[in-house]
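Dear colleague,

I am passing on the structure below, and I would be glad if you could look through it alongside the notes that follow.

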Amino acid sequence: MTTAAPHIEIRNLTMAYGDYVIQRDLNFTINRGDIFVIMGGSGCGKSTLLRQMIGLVHPAAGTVLYDGEDYWAASPEQQLKRQRGFGILFQAGALWSSLTLAENVALPLQEFTDLAPDLISEVVSLKLSLVGLGGFEDFYPSEISGGMKKRAGLARAMALDPGILFFDEPSAGLDPLSSRRLDDLILELRDSLGATVVLVTHELASIFAIANNSVFLDADTRTMIAYGDPRELAEHGVDKVRTFLKRGEA
Amino acid sequence: MNFDDIPPDWRSQLAIDGSAEEPSLWLSGEWVLRAGVPRYATIAAQFSEAKRIRLGARDLQQWDSSAVNFLAGVVRDCRAREVDIDDAALPEGLRRMLALVFAVPPPPPRATAPAPGMLASVGNSALRAWRDWPAMIEFAGEILLSLGRFVTGRARYRRRDFAYLIEEVGPRALPIVSLISFLVGTILAYMGAVQLALFGASIYIADLVGIGVVREVAALMTGIILAGRTGAAYAAQIGTMQVNEEIDALRTLGVSPIDYLVLPRMMALVLMVPLLTLYAGIVGILAGMTIAVLVFDVGFYEYYNETLSALELKHFAVGLIKGTVYGGLVGFAGCLRGMQCGRSAQAVGESTTSAVVLGILLITISASVLTIVFQKLGI
């Protein structure tokens, strides 16, 4: 389903906290239908980059283009409209603790569609079933496990059938089987719905299992040092990236 | 059965043909959730005689989970009625999504207790409130034991944290304490002066404001300000630490959270509140003086001398004792509710609210008790 049309473009992006530059001159393109991984060692700015892509943090310089439109130059209304096309799974699920799983998933549908309550509750059950949580509609986030919270977070991220799904460390804290299941789910969603997926992760198994494109952020040089299919980078990439992708055995 | 019996709005998205026993449902056009889409439940009755339903797509363009939702409704209904389904004519993506929906069987429904009646609810609330007292007494006991460890130098806490807490409770509270005390002093002066002026006794504003503020009002206002400002902050801080398992981490290290978190906070309050109370008293007296001199034409020195002659050391002692007790109670309520906090954002909110309510309740109860005790002692 991958069609090589640029969907997201990062142009000369510089990220900084005050005067402290975390990453500079980032330039890469994510195509429609890609499963794109942002990788790098701890503290290199992966999550910060994700937060700048989804509009939570303003870049120090440069910008992000969606379908050729400059996100950071757009008006607040246009930015909001664009954000509604994003589905975001935060690291710990970020479910609203005072709402049941069904209410968590229903909220975006209630806020941004005119669907009848009956149809909303049907769609909510469907989304929860898609992530294997059918029957858990009335549970509160505090009553379910960490892995289930992640999946419920994914159901919420998919509520509005977004064109782009962002995942911040989806596999962190999951057992290998749950992690694998989540990977399969991400692949299935991309293949079936044609969504573009952007992941921040350093789980090598996930990277090789699902990603078809990636960028490597380096904490020392504070810029990207590799861009491409992670399987190719593992064989032919620069030393640092090969070492990373082969757990120090390159 | 009439296959044309599809709501007109849906005809661009859905077509039905075949026989009553073996009908076919065809999805076509655009299936986009935000636009509103057909629901199977509304047409399910038409397929009551079906033995096998064929699902397929003709000129299906864009689709999202609305199409999956419709098909999932068909599959669910067919499974319930043991009707065969043939989905071979559906696009690959739709078939895979459908498989995903039914991949994990739902868990058995949870057994839920029936909602208690009104009488039972009242009883439960009363029992909960009653059971809160032993918990409070136990917490007070733990604090006493911790104080013992502190005095004998065996309590573990960080001095730097303690200094920060002192600064947070004392100096940083000065602006709000100044403002409230000044305004309350003003109100007291006005209330008294209007009545006293009737008897030509405006000078006694000094007695009323001086004794009133120093004995009662300064301590009460400081206590209530700190319940909202510091007690709430303690409950939220410790509650959030509870949510993040930081308190469990302390316990597993063998560090008592009472020594490390609760006692420094209580002590910061107990040490700083008397000073704040004294300060609030002086600001209140200055407010009374300002009003008396500027509005009611009382002489400055007259007011000053009357205040000096009215106030005795025992008034200050009563005010400071009350302030210290209120400070301890505010710290107690904040830390108790923080330590009792559940493990969610909502629980932190509930603890914080409860800390402020409990703090003010305890202040009010102790104010009444202390006033009666001091009265009986003739102080």
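Two strands are said to pair if DSSP finds at least two bridges between them, and helices (H or I, at least four residues) and strands (E, at least two) are DSSP runs, numbered from the N terminus. This is a predicted model, in which local features need pLDDT of at least 70 and side-chain atom pairs count only at pLDDT 80 or more, while totals for chains, interfaces and linings use all residues. Residues are numbered from 1 along each chain as its sequence is written, and chains are lettered from A, with ligands numbered from 1, in the order in which they are written.

In chain B, strand β1 (residues 14-18) and strand β2 (residues 23-31) pair in the antiparallel sense over 5 bridges, with a hairpin of 4 residues joining β1(B) to β2(B); L14(B) has L27(B) of β2(B) as its bridge partner. β2(B) also runs parallel to strand β3 (residues 52-63) of chain B, to which 6 bridges join it, and W31(B) is there partnered with W63(B).

The domain assignment of chain B, whose bounds come from an automatic or database source, gives domain 1 (8-101) and domain 2 (142-377), and the centres of these two domains of chain B, taken over C-alpha atoms, are 68 Å apart.

The contact between the chains (C-beta atoms, placed from the backbone, within 7 Å) takes 22 residues from chain B and 21 residues from chain A. On the side of chain B that touches chain A, the elements giving two or more residues are α1 (65-81), α2 (92-101) and α11 (345-377) of chain B, and the largest share, 5 residues, comes from α2(B).

With best wishes

Methods:
Contact = placed C-beta atoms within 7 Å.
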